[in-house]
Amino acid sequence: GEAVKASKTSLFLHDGSEVDWNYIFTARSMDDATSSHVVRSVLDKGLAGWVVRQRQGAIIPDTDTDDRWHIFPDDTLPVRSAMCVPLMYSEQVVAVLTLVHPQPNHFSEYHLRLMTIIANQATVAIRNTQLFARLRERQRQLEAVLLSVPDMLFVLEKDGTILLINTGAQQILGLANRTKAIGSHLADFAQHSDIFLTVVETLSNRPPLPDEQYSFEVRNSTGRQQDYVVNISAWEDPTVTNGGYVVLMHDVTTLRNLYRFKDEMLRIVSHDLRSPLAVIAGYADLFQQDLPADSFMQEYVESIQRSIERMGNLLEDLLKVRQIDEKGLHLEPNTPLADLVLSVFQGAVLASRQKGQQILNQITIPTDFVASVDPTLLRQAMENFASNAIKYTPEDGTIIIRAYLIDGRMVYEVEDNGIGIPPHALSQVFDAFYRVNARQNASISGAGLGLSLVKSIVERHEGQVWVKSVEGVGSTFGMWIPLYS
Ligand code: ADP
């Protein structure tokens with residue numbers, strides 16, 4: 001305004017994100033409502049509106065004779081000439097600058113050129129300000145999201161310097177203010193918890209590569225005992241050479257306590273119930289021996305004995321789960337695999353024939369083939385597949401036991417045309433204590449432990465289990481294990 005000796009200058013600014021013009025900077029102070037009324041009228045009927053529509057600057061030598069000049073009834077400022085230039089950014093008018101003077105013919109073409117140059121500079125400044133404001137807004141949003149993550153989050157530079165932490169991390173570090181941690185090193189907090197020590201050591205010994213992430217579980221033993229799953233991943237910013245790591249810590253103490261509780265329960269159940277059960281079984285046998293063979297009580301005693309046997313089997317399963325968890329494998333090199341599978345098949349033949357089922361042998365492992373496996377556990381796993389197939393297949397059904405070698409692995413499959421498994425249950429059948437339609441299948445005995453045992457045994461052998469099944473049609477349970485001599 002001063003450069004062209006204008007008596008008043010005003011700028012209408014378009015807020016980039018809105019369709020409306022909603023800002024005004026003027027020489028006069030106005031409240032929001034008046035300002036928005038003025039802007040709207042001038043853009044509708046006045047010179048600024050004309051400039052926005054034409055996308056070019058204009059001079060009004062005499063406002064009395066030019067109807068582009070919009071007069072407000074309460075406007076006391078004497079105006080006789082005016083000049084208006086658009087501020088353009090990529091073909092869009094982002095603002096308009098209006099200058100006025102009390103004398104007619106005040107503004108010249110030279111003034112218009114000068115203002116156009118200034119307007120171009122101003123556009124860049126305005127654009128930068130708007131971009132900056134938007135960036136700040138985004139940054140605030142992102143920060144709010146990060147802060148609201150319930151886990152503990154640390155963003156680190158490559159050397160372990162803390163760039164950002166969230167509220168959860170602030171709490172575990174015992175800081176009054178989040179910003180206090182920024183710039184310090186994660187190792188500085190090692191005294192708070194040995195987890196940080198583990199994280200720092202991991203980062204220096206085996207830093208994750210870009211796109212790599214890994215997690216491990218740690219127990220904090222300083223102060224209150226807590227268990228965390230720590231997830232470390234690398235972050236890279238192509239514009240910054242260094243990048244760094246993101247450490248996310250998830251509190252799994254409750255889950256771990258539950259596991260410990262479960263282990264303790266398993267221990268109690270498997271050990272402490274066995275002795276009283278043995279006593280009951282012993283007395284039941286004695287009782288039976290003393291009963292006359294034709295006594296009606298014989299039937300009751302047999303029922304007691306069957307229940308004891310079922311309970312005994314369940315305890316056996318529980319004990320095995322624990323043993324596998326605790327002891328691991330006893331590998332025997334040179335175990336003849338064909339013999340092992342054949343003995344499972346022969347055991348199944350007896351049980352399936354009793355149920356009137358047909359059972360087919362498709363074992364093609366060479367008889368002289370030997371490998372290093374835990375024969376007791378592997379037999380147990382294979383028997384579980386077979387006994388399930390017999391259990392969950394009606395009389396006169398067919399069961400196929402298949403075993404073959406391929407690509408350095410042994411594959412073992414048991415196929416049946418029994419009741420099958422509904423799709424929703426397929427992913428859970430290998431979970432401990434899971435039974436499909438537990439109520440409907442209540443007549444079929446089982447605790448839902450057999451398949452979890454199989455999975456655990458096979459995974460200990462570095463193998464995998466799977467199941468394919470169609471409800472009402474049949475199931476195929478399979479496993480493979482890699483073979484080592
Ligand atoms: P369970 O002691 O109940 O047999 P498992 O862990 O061996 O426990 O099996 C889990 C569940 O998977 C069973 O309860 C049954 O519902 C289902 N299942 C296992 N094998 C078969 C099969 N061959 N056909 C149909 N359902 C099966």
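Predicted model: local features only at pLDDT ≥ 70, side-chain atom pairs only at ≥ 80, totals over all residues.
Biologist: Good to know. How many aromatic pairs does the structure hold?

Modeller: There are 5 aromatic pairs. In one of them, the ring centres of phenylalanine 296 and tyrosine 300 are 5.9 Å apart and the planes stand at 90 degrees, so this pair is edge-to-face. For the cut-offs, rings of Phe, Tyr and Trp (its six-membered ring) pair if their centres lie within 6.5 Å, and planes under 30 degrees apart count as stacked, over 60 as edge-to-face and the rest as tilted.

Biologist: Is phenylalanine 296 buried or exposed?

Modeller: Phenylalanine 296 is exposed, with a relative accessible area of 59%. Then there is phenylalanine 385 with phenylalanine 477: their ring centres are 5.4 Å apart and their planes are at 45 degrees, so that pair is tilted.

Biologist: Where in the chain do those two sit?

Modeller: Phenylalanine 385 is in helix α10 (residues 375-391) and phenylalanine 477 is in strand β17 (residues 474-482), so-called DSSP runs (H or I of at least four residues for helices, E of at least two for strands, numbered from the N terminus). The pair links distant parts of the chain, 92 residues apart.

Biologist: Which residues form a cluster with them?

Modeller: Phe385, Tyr412, Phe430 and Phe477 make up one aromatic cluster.

Biologist: Switching to charges, how many salt bridges are there?

Modeller: The structure has 10 salt bridges, each meaning a side-chain nitrogen of Lys or Arg within 4 Å of a carboxyl oxygen of Asp or Glu. Among them, arginine 274 meets glutamate 316 at 3.0 Å, N to O. Arginine 274 lies in helix α7 (residues 274-290) and glutamate 316 in helix α8 (residues 297-327), so the pair ties together parts that are 42 residues apart in sequence.

Biologist: What about arginine 402 and glutamate 413?

Modeller: Their side chains meet in a salt bridge at 2.7 Å, N to O. Arginine 402 belongs to strand β14 (residues 398-406) and glutamate 413 to strand β15 (residues 409-416), so this pair ties together parts 11 residues apart in sequence. Arginine 402 is buried, with a relative accessible area of 17%, and glutamate 413 is buried too, at 10%.

Biologist: Which residues are linked in a network of salt bridges?

Modeller: Asp62, Asp64 and Arg80 are linked that way.

Biologist: Last one: which charge sits over tryptophan 50, and which over tryptophan 480?

Modeller: The charged end of arginine 68 sits over the ring of tryptophan 50, 4.5 Å from its centre. Arginine 409 lies over the face of tryptophan 480, at 4.0 Å from the ring centre. The criterion is NZ of Lys or CZ of Arg within 6 Å of the ring centre and within 35 degrees of the ring normal.

Terms used. Residues numbered from 1 in each chain as written. Heavy atoms only, no water. Buried < 20%, exposed > 50% of the residue type's maximum accessible area, 1.4 Å probe, protein only.
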